[in-house]
Amino acid sequence: MTSPVVLRRCQDYDTAEPVLQEVLEASGIARDLQGARRVLLKPNQVMGLPPERCRTTDPRFLVALTRVLQRRGIEVLVGDSAGLIGFTGPVMQATGVQEAMERQGAKVVSLDVGPFRLLPPSGRPPVALFVSEVLFQVDGVLSVPKLVTHPLMGLSLSLKNLMGILPGALKPSLHVFRPGRDALAEALLDLHRLSAEAGVQWAGAVVDGIWALGGRGGAVPPSPRYDFGLVAGGRDLAAVDLACAVAAGFSPGELPLCRQAMRSGRGPASLEDLALDGPDPRSWGPPLERPGEDWAERTTWSTRVYYFLRSRLVRPAVDRTRCRGHQRCVAVCPVSAVSRQGGRTIIGRDCVRCLACVEQCPEGAIGLRSPWPLGFLYRRRIRGGLGRPDRS
Ligand code: SF4
């Protein structure tokens, strides 16, 4: 039997605060966070769409959760690395999270900025990932995903949400190294375990399912929005995901993350193994429309090609007229790809496009470049996911 998974009905974001308080208390998360000074909320900020498009964690949900934590004397940080590579700041503005959280007195952080900590390599071939030091500087991290369908993983929930702790292009690169549903699921479970072993204090998950998205699940219609009325929380991410999957009308065995967690013993074996608190998820309501299949994720080779191209969509480039030689980029680069040669800043081939140098240059001398012929893909992605970029 796992730690409790709490499910509550909540039809309206304006009434979410007392519901969230109850979820944190009944799940044991509040007890675990007793005495915590700082907590990081990790929402889903995959692309820059407004809350009514229902693709990202709603800012009203994050504000309500922040209020509950602040009343306990906890300082709240909100951080993510957006799926729109290089645009985490603008994405947070477009989703309304930046303004709402700052108004609430929370600190918004980009997980692209660095410095980073390297995690031990895992899997075959071994892949070494790195994550922001911010994750280690707080007393608890809560995964706060949006309940949304996903072409590759069926549903995007609290474990899938961990993808956003990887900076910049490490996200598409993980798809290249681990193409296919089960391989990616295994990599995400490893990311959770390895980050916890390295010192990240995962406090649990709180799922925003008040509005949920079905169908394709992305920015591409048709993606029907549901008044799903679900708030779910618990200390065990895999258990929370399993309960939400059942509520959404999925069998856990058909979802790669639930399946891999079950197989490897890192998650509950079935719904019967959960200590449920709340309505039976099997009778939650009409199931979400299935996501269908995405051409890019149909076969291993198409996944590899697509995500390889995505990981190459942007690269950092130095504007020599603005560079003053501060060497902040040299210090922050996690793979030592930046050097100074003959008074010039050079970015080498080892660059993994985390984009920390772009974020940290005090002169704004490192910008984003998109190599021809991928520029059109980049522009299309920006247009699709974020009305207007404020940086080129
Ligand atoms: S050079 Fe590449 S790997 Fe190094 S900090 Fe910049 S983007 Fe990251």
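Helices (H or I, at least four residues) and strands (E, at least two) are DSSP runs numbered from the N terminus. The model is a predicted one, in which local features need pLDDT of at least 70 and side-chain atom pairs count only at pLDDT 80 or more, while totals for chains, interfaces and linings use all residues. Residues are numbered from 1 along each chain as its sequence is written, and side-chain values use heavy atoms, with hydrogens and water left out.

Strand β11 pairs with β10 in the antiparallel sense over 8 bridges, pairing being assigned if DSSP finds at least two bridges between two strands. Within this pairing, D208 has V231 of β11 as its bridge partner. Strand β1 also runs antiparallel to β11, joined to it by 5 bridges, and here L7 stands opposite A232.

The largest nonpolar core has 67 residues, and F228 and L230 are among those with the most contacts inside it, together with L147, L155 and L191. Such a core is a set of buried Ala, Val, Leu, Ile, Met, Phe, Trp, Tyr and Cys residues joined through side-chain atoms within 4.5 Å. Elements supplying at least two residues each include β1 (5-9), β10 (202-213), β11 (225-234) and α8 (237-247), and α8 gives the largest share, 10 residues. Because domain 1 (5-296) and domain 2 (301-385) both give residues to this core, it lies between them; the domain bounds come from an automatic or database domain assignment. Leaving aside neighbours within four places in sequence, L147 is in contact (heavy atoms within 4.5 Å) with residues including F228, L230, D208 and W211.

W211 leads on to R225, whose charged end sits over the ring of W211, 3.6 Å from its centre. R60 also lies over the face of W211, at 5.0 Å from the ring centre. A charge sits over a ring if NZ of Lys or CZ of Arg is within 6 Å of the ring centre and within 35 degrees of the ring normal.

Note on methods:
Buried < 20%, exposed > 50% of the residue type's maximum accessible area, 1.4 Å probe, protein only.
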